[in-house]
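Colleague: I've got a model open and I'd like to learn how to read its pockets and a helix. Can you walk me through it?

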Amino acid sequence: MTNVTIARSTRISATYAVSLLVVATAALTGCGSSDGSDKSDPLTGGSAKGGTVVVGSNNFPESILLADIYGEALKSKGVKVSYKLNIGSRETTYGLIKNGTISVLPEYNGALLAYLNAKAAPKTVEETSKAITAELDAKLTLLKPSAAQDKDAVAVNEATAKKYNLTATSTIADLAAVAKDLVIGGSPEFQTRQQGLKGLKSVYGLDFKSFKALDAGGPLTVAALKGNNIQAADIFTTDPGISKNKFVVLQDPKNLFGFENVTPLAYKSALSSAGVSVLNDVSAKLDTEALVKLNSQVQDDNKDPLDVAKAWLASAGLS
């Protein structure tokens with residue numbers, strides 16, 4: 001297994017470099033930091049020591065940004081924080097928070113529920129939270145969801161949209177007759193998830209020509225869709241590249257991708273009631289519009305996500 005340690009001063013370029021490495025070698029990586037963050041391998045296990053709250057993230061830019069927001073919010077209230085960033089997919093990070101290696105993780109309520117119970121079909125955000133709580137490991141707790149949503153979505157590139165007369169009002173179901181001629185791309189996990197190819201087939205009847213394993217809505221997926229190496233892709237709805245590249249996001253009337261509110265997931269014994277309050281305050285201020293703008297600063301303007309996180313917290317009165 002390859003382990004990569006990355007300093008915060010090179011976070012942006014390193015994030016994308018590691019994304020390339022993950023796809024190319026299927027290695028799981030951990031980020032360290034020059035500002036007191038934990039530089040150890042995030043996969044080695046072991047709970048945080050000395051009252052340190054370990055904030056982790058999955059392996060895509062927005063998750064890293066959210067982890068920085070959570071961590072810096074906690075730090076501003078005197079909590080000792082370390083980071084284990086860019087670890088991997090939910091299939092890895094859920095196990096790490098369950099065993100206490102991670103204390104706090106940015107999650108998306110609908111996707112987490114689909115991972116825990118693929119058959120659940122809640123109708124509201126509140127029902128989603130209740131369903132997750134019923135399935136969670138007893139050592140974990142789901143905090144309050146934010147208004148910010150970042151859904152998985154099926155997007156097609158401009159050429160494909162024109163070819164098949166697809167617009168912003170078109171639905172995933174409109175691909176049923178043409179999916180056999182299209183290559184779809186996304187993270188390796190998208191191929192086997194219910195909120196992925198399995199659900200696209202069972203819910204919408206889509207059988208694609210083939211699947212190309214890339215990254216989790218990151219630069220590889222965007223580049224492949226833009227270059228027409230794939231014609232459809234799993235794209236996150238807060239990705240600034242959607243409008244920039246004139247991708248068309250298809251509507252999901254059958255709610256395959258459900259609710260996707262950004263929600264902190266915590267290891268109960270590692271986070272005090274004051275820490276819970278801090279993260280709930282973050283959720284109360286974070287909405288989709290703000291998240292899109294923050295993502296644009298990181299992905300389009302190449303700003304360090306740590307700097308973006310600190311600036312947003314200050315502007316929201318949270319630091």
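Colleague: Let's take the second largest pocket: what volume does it have?

Modeller: This is a predicted model, and in it the second largest pocket comes out at about 360 Å³. Its lining has 20 residues, and those nearest the centre are Ala120, Ala121, Pro122, Asn255 and Leu256. Helices α4 and α7 each give at least two residues to that lining.

Colleague: And how do the lining residues of that pocket divide by class?

Modeller: You sort each one as nonpolar, polar or charged. Here the second largest pocket has ten nonpolar, seven polar and three charged residues.

Colleague: Now the largest pocket. Which residues are closest to its centre?

Modeller: The largest pocket has a volume of about 430 Å³. Of its 26 lining residues, Arg90, Ala111, Asp152, Arg193 and Gln195 sit closest to the centre. Two or more lining residues come from each of α3 (90-98), α4 (109-116), α7 (194-204) and β8 (232-236). By class, the lining of the largest pocket holds nine nonpolar, eight polar and nine charged residues.

Colleague: On to helix α11. What span should its twelve residues have?

Modeller: You count 1.5 Å a residue, times one less than the number of residues. For α11 (residues 288-299) that gives 16 Å, and the end C-alpha atoms are 16 Å apart, so the two agree.

Colleague: Which residues of α11 are buried?

Modeller: Buried means under 20% relative accessible area. In α11 those are Ala290, Leu291, Leu294, Asn295 and Val298. They lie on the same side of α11, because their arc around the axis is only 135 degrees.

Terms used
Residues numbered from 1 in each chain as written. Predicted model: local features only at pLDDT ≥ 70, side-chain atom pairs only at ≥ 80, totals over all residues. Heavy atoms only, no water. 1 Å grid on protein atoms, 1.4 Å probe; cavity = no way out; pocket = protein on both sides within 12 Å on 5 of 7 lines; lining within 4 Å. Points joined across faces, edges and corners; volume = space filled by probe spheres on them. Helix = DSSP H or I, 4+ residues; strand = E, 2+ residues; numbered from the N terminus. Buried < 20%, exposed > 50% of the residue type's maximum accessible area, 1.4 Å probe, protein only. Arc of directions from axis to C-beta.
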